[in-house]
Amino acid sequence: MIELERVVVTGMGTVNPLGTNITQFWDNIKAGVSGVGPITKFDTTDYPAKIAGEVRDFDPSDLLDRKETRSMADFTKFAVHAAVQAMQQAGLDNGGYDPYRSGVYLGNGIGGFEVVEENLAKLFERGPHAVAPLTIPKLISNEAAGNIAIHYNFKGPCHTTVTACASGTDAIGAAFNAIRFGQVDVALSGGTEAAITKLSVAGFCRLQALATKYNDTPQIASRPFDKERDGFVMGEGAGMLVLESLSHAKARGAVILGEIAGYSMTCDAFHVTAPNPDGEGAARAMKAALEMAGIKPEEVDYINAHGTSTAANDSMETKAIKSVFGSHAYNLKVSSTKSMTSHLIAAAGAVEAIVCMLAIRDQYFPCTLNLTNIDSECDLDYVPNQGRDGIIRYAMSNSLGFGGHNGVLVFKAYTPL
């Protein structure tokens, strides 16, 4: 029988609408700051939705070589920058790992959409010879993972997960399992997305999925579980974690930030965009993650909900939580930090995994911002508008994506045996 490795987190990094490093990001989460504002990347005159969570004041050259970034689309820049942050915190930026036992597991949704749009315009206006030579290697979804592997000479698995809004969570889950079963010792894992583009926003507008009611007051537009919500707010960014086997981390004297205790993924097999309203698929994923972690439902004190600020998601997820946790659902704290970050699509689960790690570290429940008129179908403690101190033994992170993809991670503080 294979003896399963424990999986610990030794480094974290992020680029998102609330900050371009972990400290700035977490300070803004605890302060209840919204990262949503008017879209500045293109003219939104003809768009019903005119707001998003854009990454601002981001200079990739503070950690990356300018020449290196010329061949990268935005989603890749976000991911590599966050990966460097994580490796620096882990103390692995200058080595200390076997390249052949190190891998990259990254979630992404739509790759370099801005590259597609820019070069389609050139093609239609001036013909095929006007298309940039690096168009393909910049736009395809695997290139962020590939660039990270090249940057650190990681020669083990290099894997890209595409499960819509569950991509970041599922990528971390894949890395977690690879380490558990001894396939790698070190993994850089997370999610990245740069979907605030003309075509992407237009497409989500046509689906009537985006918030449009609060264009003039963007900071209150993302309002999960609130009766006045009218859709999600598009965001962008990346979250990256360094995962290691406990034996590898201990052997090199690493500072251990926390531990991943469980993971599960399921599919609704119901609809290409809508979740199953009974929450059955999400509930199965939560139950299986708890079983892998070897814990009882009442040991979970905090859930970072998928909480998109849509009627279809929020009521369904609440129902799923109640079906899994029973009466304990009313004792634990549930919050959606998308109320502050906006919805980072493939990066959402990775950034929210970081939130769970920091929540356990600080014993702090982040709030759900803009929750002023709770939907009657959403009757749990969503930590409205102001975060709270409290005891967090285990934290769960839910990610539920288009296509019926459900991914769930369970985190805990690291404790030596």
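How many salt bridges does the structure hold? The structure holds 18 salt bridges, a salt bridge being a side-chain nitrogen of Lys or Arg within 4 Å of a carboxyl oxygen of Asp or Glu. The model is predicted, so local features need pLDDT of at least 70 and side-chain atom pairs count only at pLDDT 80 or more, while totals for chains, interfaces and linings use all residues. Residues are numbered from 1 along each chain as its sequence is written, and side-chain values use heavy atoms, with hydrogens and water left out.

Side chains of opposite charge can pair when their charged atoms come close.

| Pair | N to O distance |
|---|---|
| Arg 56 and Glu 54 | 3.5 Å |
| Asp 379 and Lys 322 | 3.0 Å |
| Arg 361 and Asp 362 | 2.8 Å |

Asp 379 lies in the loop between strand S11 (364-365) and strand S12 (388-389), and Lys 322 lies in helix H11 (residues 311-325), so this pair ties together parts that are 57 residues apart in sequence. Helices (H or I, at least four residues) and strands (E, at least two) are DSSP runs, numbered from the N terminus.

Accessibility is sorted into three classes: buried is under 20% relative accessible area, exposed is over 50%, and partly exposed is in between (1.4 Å probe, protein chains only). Glu 54 is buried because its relative accessibility is 2%, whereas Arg 56 is partly exposed at 36%. Asp 379, at 35%, is partly exposed, and Lys 322 is partly exposed at 25%. Arg 361 counts as exposed at 53%, and Asp 362 as partly exposed at 26%. Through shared partners, salt bridges join Arg 361 and Asp 362 with Lys 30 into one network.

The sheet is open and mixed in its pairing, with 10 strands in the order S5-S4-S6-S7-S1-S8-S14-S13-S9-S10. Two strands pair if DSSP finds at least two bridges between them. Strand S5 (158-161) and strand S10 (333-335) stand at the edges with a single partner strand each, so one side of each has no neighbour in the sheet.

Strand S4 (residues 102-108) is mostly covered, as seven of its seven residues are buried. On one side these are Ser 102, Val 104, Leu 106 and Asn 108, and on the other Gly 103, Tyr 105 and Gly 107. S4 pairs with S6 in the parallel sense over seven bridges, and Asn 108 stands opposite Thr 192 in S6. S4 also pairs with S5 in the parallel sense, over four bridges, with Thr 161 in S5 as the bridge partner of Gly 107.

Strand S1 (residues 7-15) and strand S7 (residues 236-245) run antiparallel and are joined by eight bridges. Val 8 has Glu 244 in S7 as its bridge partner.

The last topic is the largest pocket, with about 420 Å³ of space. On a 1 Å grid over the protein atoms alone, a pocket is an open set of points where a 1.4 Å probe fits, with protein on both sides within 12 Å along at least five of seven lines, and lining residues have an atom within 4 Å of a point. Of the 26 lining residues, the closest to the centre of the largest pocket are Thr 273, Pro 275, Thr 310, Ala 312 and Phe 402. H11 gives the most to this lining, with three residues.

Notes:
Grid points are joined across faces, edges and corners, and a volume is the space filled by probe spheres set on the points.
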